[in-house]
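Let's take a look around a protein model together. Keep the 3D view open while you read.

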Amino acid sequence: MAWIETTDAESAGGVRKLLARGIERFHGGFLPGIYRILLVDLQLLGAMGWLFKHLHLGDGSSLSTMQKEMLATVVNGTIDGAP
């Protein structure tokens, strides 16, 4: 299995620590795995945020609700996320 660099709220510093704390607060004290990965690279975090908003929240989203759920399932399984 490939090793992916991650970070958490305790080991993060500066802006990353503030973001991690805010995300934990939003998720009830839990920092989801995808954020642990994305907090390592803030440019990637910004790009993924834009992509998520474009695909899932945009009025002109080309994905159906079923496709969005399928995508979420695959990503969650790939990163060994919570059920």
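## A pocket and its neighbours

Which helix gives the most to the lining of the largest pocket? That's α3, with 8 residues. Keep in mind that this is a predicted model.

The largest pocket holds about 1100 Å³ of space. It is lined by 32 residues, and those closest to its centre are I34, Y35, L38, V75 and I79. What kinds of residues make up the lining?

| Kind of lining residue | Number |
|---|---|
| nonpolar | 21 residues |
| polar | 8 residues |

Next, follow helix α4, which runs over residues 65–78. Its 14 residues reach 20 Å from the first C-alpha to the last, close to the 20 Å expected at 1.5 Å a residue. After α4 comes D80, and its phi is positive, near 55°.

Finally, hop back to T7, in the segment before α1. Is T7 buried or exposed? T7 counts as buried because its relative accessible area is 12%, and the cut-off for buried is under 20%. Leaving out residues up to four places away in sequence, T7 touches A12, L31, R36, L39 and V40.

Methods. Residues numbered from 1 in each chain as written. Predicted model: local features only at pLDDT ≥ 70, side-chain atom pairs only at ≥ 80, totals over all residues. Heavy atoms only, no water. Helix = DSSP H or I, 4+ residues; strand = E, 2+ residues; numbered from the N terminus. Expected span 1.5 Å × (residues − 1). 1 Å grid on protein atoms, 1.4 Å probe; cavity = no way out; pocket = protein on both sides within 12 Å on 5 of 7 lines; lining within 4 Å. Points joined across faces, edges and corners; volume = space filled by probe spheres on them. Nonpolar A, V, L, I, M, F, W, Y, C, P; charged D, E, K, R; others polar. Buried < 20%, exposed > 50% of the residue type's maximum accessible area, 1.4 Å probe, protein only. Contact = heavy atoms within 4.5 Å.
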